[in-house]
Amino acid sequence: MSHSSLIRSGLAALCLTPVAAMAGQYVVELEAPFETPPKALLREHGLTVDETLSAGADSYVVLSADDEANVHALLRDASVTSEKISEVLFVNSPTVGGGRPAGPEPRAGHQVYVIERPIPGVGFFGLEKKQKISAGSNAAIAKLGDIIEWDHSYLTGDGTYCVYRADSPDTLREHGALAGAPIGKITPVMQE
């Protein structure tokens, strides 16, 4: 294989490689919506806020930090009570299984939801298995049509936090049944 062919193959593989979790990314389950602390406090603890998924008593925030100790320190100093902190091991999406990414905004009539799926060890699964999971979700979405859209999922050692857009929780349950994916909890959220 020529040098330029190797480079093209490498670039193609890079473009098709799924997005791995950022080093030190954490999903934090909260008892109340996350109020972003002052930038100085975030800098002091070396954290960035990647995404907030607010839903009253059941809210989530995704943070990037050097380590989990920094997350605990920020939450303590910002007087934020967490229910659980999970390290993100992989970010799955429709593209991992050959599907199209979600649109930039939810479709008319769709609500954003976080689905917690109890799948022990899912973040440690090999890429081939993650691609199969993604393809299964894509196939279920294809059967259901425009009433559902998958944005992305945070895979941890205990399970997943999947961000979907759909017309109702019933559609999400039907999707889970078609995809063979367990559903632990469904929470309607505001996504930022």
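**Salt bridges in the predicted model**

Analyst: The model is a predicted one. At 30% relative accessibility, D58 lies between the limits of 20% and 50%, so D58 counts as partly exposed.

User: Which side chain meets that of D58 in a salt bridge?

Analyst: The N to O distance of the pair is 3.4 Å, and the cut-off is 4 Å. The pair links distant parts of the chain, 127 residues apart, with D58 in the loop between β2 (48-54) and β3 (59-64) and its partner in strand β9 (residues 185-191). The partner is K185.

User: Is R165, which forms a salt bridge with E149, buried or exposed?

Analyst: The side chains of R165 and E149 meet at 3.2 Å, N to O. R165 belongs to strand β8 (residues 160-166) and E149 to strand β7 (residues 148-155), 16 residues apart. E149 has a relative accessible area of 9%, so E149 is buried. The relative accessibility of R165 is 3%, which is under 20%, and therefore R165 counts as buried.

User: By about how much of the helix are R173 and D170 separated?

Analyst: The side chains of R173 and D170 form a salt bridge at 3.1 Å, N to O. R173 is partly exposed at 45%, whereas D170 is exposed at 57%. Because the two are three residues apart in helix α5 (residues 169-179), their separation is about one helical turn.

Technical notes
Residues numbered from 1 in each chain as written. Predicted model: local features only at pLDDT ≥ 70, side-chain atom pairs only at ≥ 80, totals over all residues. Heavy atoms only, no water. Helix = DSSP H or I, 4+ residues; strand = E, 2+ residues; numbered from the N terminus. Buried < 20%, exposed > 50% of the residue type's maximum accessible area, 1.4 Å probe, protein only.
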